[in-house]
Amino acid sequence: MDKNIFYRNIPKVDLIMEYDEIKRLSEVHTRELILNSVRKVMEDIRDLINSSNDEEEIKNKINNVVADIIIDVNKFISFNMKKVINGTGTILHTNLGRAVISKESIEKASKLMTGFSNLEYNLELGERGSRYSHFEKIITKITGAESAMAVNNNAAAVLLILSTFAKNKEVIVSRGELVEIGGSFRVPDIMAQSNGHLVEVGTTNKTHVYDYEQAINENTAALLKVHTSNYKIVGFTESVSVEELVNIAHKNNIPLIEDIGSGVLIDLSKYGLDYEPTVQESIKAGADIVCFSGDKLLGGPQAGIIVGKKQYIDKIKKHPLTRALRIDKFTAACLECVFHEYIDENKAIKNVPVLKMITKELEEIEIQALNLFNKLSESIGNLCELEIMDCESQIGGGALPLQRIKSKCISIMPKNISTSSLEKKLRMQETPIVGRIANDKFLIDLRTIFDDEIEIINEAFKEVLNS
Ligand SMILES: *Cc1c(COP(=O)(O)O)cnc(C)c1O
């Protein structure tokens, strides 16, 4: 095959720019943007001629030049971050943005975003105010703590707390609590980053009161308790309770710091879930500094919330890192909104999307499943095998790792394409749908599906299976 013929057949850039379709494109987009795409497509063609011996393939590529340019331009101007439909049933899906926040929060926050606000302005006094003041009162009211603040995320909160108190000093942690959260957040590494010395006590499965007591010396800055939020040590185990740790710490005039991870404010065991320690209980038990995530079980924006005794929180607020780790106005506004929901527990369960999904009744899920099943049966029933099946949802986000919640899913097994190709095509939709594959069936768990997404799912399946 004479590749030179093909090279000669590649249309010239100037000529392409004169095609009608391309001219129409240049009514909407700049010449530079189009030229970029034209050059890219030309390069792809040259690469293909170079690497392929398939004449048909090369001819097709050359014939498709205009369409490819239009696709490339559209790809460039379309947004990369997209709303995704989460059919995995994992409520706090780290890859899919973790906690979903309510429309009400966003509407309130967006009003503050599109205009000026009193972010750091005290309206009563007419002078400079604190960005923490907007949510400090409500967080302290709900958690029972004296003082509160928030930083970028809980990893930042732990770093800031240790940097404030542990620099060149010792902090005692149980060996069973040396957590790795993922994304290289490990308790020993954060300790090193804060210039603190980690003193490990006890063993992986058992740590006793005397382990802590024996490790305390004049250079001890604090005791640290880390909630093992993403794993469980079961069997022959023992750990020291917050009350007991507070006791030991206060006898020695040092604070007890607790990284509680998820920051749940409601006793979830009332709703049939495993017990997860609440922030209020830690404060009540006397913990001096408690930190937790804003976007795990709390169901708010990404943030690291620090609550505790005023003397300690004041000291943290003055640390130079606080300025570097501070939250923005959007987060401040959303935090105020989400904590407002917790004034009334029933309101929180109803209005905080994370809690709503966790406590979603099986009957409600069944109704949704039937609704989606009926729609799909009508539109693509002849192209696949459809079924409503039992399944189990997970909390995710490193919270309640053993928890499984009974749920319902739609199972789809396509007849004309493979299940993995279906999965990929759904992922490539304008509103991508992410689900799970099990036993060669594509599964959509309805626990994490919102009512207004059912029709979008139906349309996506129609398009994918009919094309
Ligand atoms: C999740 C978690 C963190 C990290 O919180 P982010 O908000 O994700 O930064 C830290 N400690 C514990 C115990 C956690 O569970």
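The model is a predicted one, so to speak of a local feature takes a pLDDT of at least 70, and side-chain atom pairs count only at pLDDT 80 or more, while totals for chains, interfaces and linings use all residues. Residues are numbered from 1 along each chain as its sequence is written, and side-chain values use heavy atoms, with hydrogens and water left out.

To start with the overall picture, the C-alpha atoms of the chain fill a box of roughly 85 × 50 × 50 Å, taken along the principal axes. The chain has 21 helices and 18 strands; these are DSSP runs numbered from the N terminus, with helices being H or I of at least four residues and strands being E of at least two. Of the 467 residues in the chain, 49% are buried. Here buried means under 20% relative accessible area, exposed means over 50%, and partly exposed is in between (1.4 Å probe, protein chains only). The chain is divided into domain 1 (3–76), domain 2 (85–93 + 358–466) and domain 3 (103–351), with bounds that come from an automatic or database domain assignment. Taken over C-alpha atoms, the centres of domain 1 and domain 2 are separated by 38 Å.

Next come the salt bridges, of which the structure holds 23. A salt bridge is a side-chain nitrogen of Lys or Arg within 4 Å of a carboxyl oxygen of Asp or Glu. One of them joins the side chains of Asp44 and Lys40, at 3.3 Å from N to O. Both residues sit in helix H4 (residues 31–51), four residues apart, which is about one turn of the helix. Asp44 is partly exposed at 27% relative accessible area, and Lys40 also counts as partly exposed, at 41%.

Other salt bridges reach across the sequence. Asp295 pairs with Arg98, with the closest N and O atoms 3.0 Å apart. Asp295 lies in the loop between strand E12 (289–293) and strand E13 (304–308), and Arg98 in the loop between strand E2 (90–92) and helix H7 (103–113), so this pair ties together parts that are 197 residues apart in sequence. Asp295 itself is buried, with a relative accessible area of 7%. Lys309 and Asp288 form another salt bridge, in which the closest N and O atoms are 2.8 Å apart. This pair links distant parts of the chain, 21 residues apart: Lys309 is in the loop between E13 and helix H14 (310–318), and Asp288 is in the loop between helix H13 (279–284) and E12. Lys309 counts as partly exposed at 24% relative accessibility, whereas Asp288 counts as buried at 2%. There is also a network, in which salt bridges that share partners join Glu120, Arg128, Arg131 and Arg326.

Patches are made of residues with over 30% relative accessible area and no salt bridge, with like charges joined within 9 Å, and nonpolar side chains (Val, Leu, Ile, Met, Phe, Trp, Tyr) within 5 Å. A positive surface patch is formed by Lys103, Lys347, Lys350 and Lys356. Within this group, Lys347 belongs to helix H17 (residues 345–351) and is partly exposed, with a relative accessible area of 34%. A negative surface patch is made up of Glu361, Glu363, Glu364, Glu366, Asp451 and Asp452. Glu366 is found in helix H19 (residues 362–380), and at 35% relative accessibility it counts as partly exposed.

Most residues other than glycine have a negative phi. Asn168, although not a glycine, has a positive phi of about 55°, and its place is in the loop between helix H9 (154–165) and strand E6 (170–174). Asn253 likewise has a positive phi, near 55°; this residue is in the loop between helix H12 (242–251) and strand E11 (256–261) and is exposed, with a relative accessible area of 71%. Thr431 lies in the loop between helix H20 (419–427) and strand E16 (433–434) and is partly exposed at 22%. The C-alpha atoms of Thr431 and His250 are separated by 54 Å, the two residues being 181 residues apart along the chain.

Methods. Accessible areas come from the Shrake-Rupley method with a 1.4 Å probe; for residues, only the protein chains shown count as cover. Lys and Arg count as positive and Asp and Glu as negative; His and the chain ends are not counted. The place of a charge is taken as NZ of Lys, CZ of Arg, CG of Asp or CD of Glu.
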